[in-house]
Amino acid sequence: MSRRHRRSLRIAATTALMVTAATACNAAAKDEASDSASGGSGRTFTLVTPDAVGQNEFLKLAVSGVKDAAKQHDGSQKVYESTDTASQQQNVQAAVDAKPDVIVLVGFEFADIVAQQAEKNPKQQFLIIDACTTKTFKNVSCAVFREHEGVYLAGAEAGLLSESGKVGAVDVLDTPQFRRYSDPFAAGAKKVAAKTETSTRFVGGQSPFDDSARAKEQANTLLSKGYDQIMAAAAAGNYGVFEAAKAKGAYAYGVDVNQCVSAPGTVVDNVIKRTDVAVEKGVESVLAGKTGTVSYGLKEGGISLTGLEDGVDSSKCVIAEHKDVLAKVKELRDQIVSGELKVDDPAAS
């Protein structure tokens, strides 16, 4: 499990293949670049990840995004994979030294580093995915996500599928930012089944992002009260939620990537965060001279559900068996995209 997802509720629940040093990462990046399209006069792009990519689908999408950007501009790309704070700093410095047209970085880990580098290198363009700097810089663009829109749709699925009429969530912490993964779930369920009973349990403790045992315990508390549909927003603890749900014959929902493969028959669907879309569109905006922060939701294609994506039939997600439910969810999605339906954001100021 990537450190980033464990610490910040970016739940790409896959195992990253770790490299051993920043120098090794840089060497790998150079090898990757040699495979990219390069006509000598095209644009150049560098991606820096907070962890090794390996089988981490969340980061693999970002890699696809930067590759597509390079292809569209007959250019070249490099990918620097980090393993810790030191390698993150070293890789960003290496990227800055190479002076590409755009440096793309994924994760909150890079906010402070980019702020320092942006001030020292005002001509270098930076694009941060899923985070932003505290201070505004003319050469820093940010891509953030409206996760709550996708969570709302997952909640609608839960409301339609629940046999007990009880829909719950296991969230990491009781804060507005993290409630984006639980409050809209309840709202979506009540939208389609007004009498649905909802409840959220929080992991908390010393390691809320890593505590599978506590997450499982919170899930069991809900299950013991008859809740049969549970949003798993517990970072690395999601596996604990899945285990609890499977043991009781209940169902769960994943976040960020397709987690159905981790628990086939138990995970109904997933709120997908399309980092590839954010990278591609973000790069285009930067090259067009449009900098700033852009929010990606259902309308922009930055947020989706596995059930709404191509390949759902082979996704191992339970929702693939419920085409009637997907039809209703698509209607809700279209209403959100058109602006007819607005999903409240718990983190909105």
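Author: Buried means under 20% relative accessible area, exposed means over 50%, and partly exposed is in between, using a 1.4 Å probe and protein chains only. At 3% relative accessibility, Phe145 counts as buried. Tyr296 is buried too, with a relative accessible area of 4%.

This is a predicted model: local features need pLDDT of at least 70, side-chain atom pairs count only at pLDDT 80 or more, and totals for chains, interfaces and linings use all residues. Residues are numbered from 1 along each chain as its sequence is written, and side-chain values use heavy atoms, without hydrogens and water.

Now the rings. Rings of Phe, Tyr and Trp (its six-membered ring) pair if their centres lie within 6.5 Å; planes under 30 degrees apart are stacked, over 60 edge-to-face, the rest tilted. The structure holds four aromatic pairs. One of them joins Phe145 and Tyr296: the centres are 6.4 Å apart and the planes stand at 45°, so this pair is tilted. Phe145 lies in strand 5 and Tyr296 in strand 11, so the pair ties together parts that are 151 residues apart in sequence. (Strands are DSSP runs of E, at least two residues; helices are runs of H or I, at least four; both are numbered from the N terminus.)

Six strands form it, in the order 2-1-3-4-5-11, and the pairing is parallel. (Two strands pair if DSSP finds at least two bridges between them.) Strand 2 (76-81) and strand 11 (293-296) are the edge strands, each pairing on one side only. From one strand to the next, the twist averages 20°. Inside the sheet, four bridges join strand 1 (residues 44-49) to strand 3 (residues 102-106). Leu105 in strand 3 is the bridge partner of Val48.

Helices pack here as well. Helix 3 (residues 57-72) lies across strand 1, strand 2 and strand 3, and runs at about 175° to strand 1. Helix 5 (residues 111-120) touches strand 3, strand 4 (125-129) and strand 5 (140-145), and its direction makes about 170° with that of strand 4. (Axes are lines fitted to C-alpha atoms, for helices over the stretch in contact; angles run from 0 to 180 degrees between N-to-C directions.)

Another pair sits in a helix. Tyr239 and Phe242 both lie in helix 9 (residues 238-248), three residues apart, about one turn of the helix. Their ring centres are 6.4 Å apart and their planes stand at 85°, so the pair is edge-to-face. Tyr239 is partly exposed at 31% relative accessibility, whereas Phe242 is buried, with a relative accessible area of 3%.

Phe242 leads on to Thr266. Leaving aside its neighbours within four places in sequence, Thr266 is in contact (heavy atoms within 4.5 Å) with residues including Phe242, Ala245, Tyr251 and Val318. Thr266 lies in the loop between strand 9 (251-256) and strand 10 (267-273). Thr266 is buried, with a relative accessible area of 3%.

Five bridges join strand 6 (residues 166-171) to strand 8 (residues 229-233), which run parallel. There, Val170 has Ala232 of strand 8 as its bridge partner.
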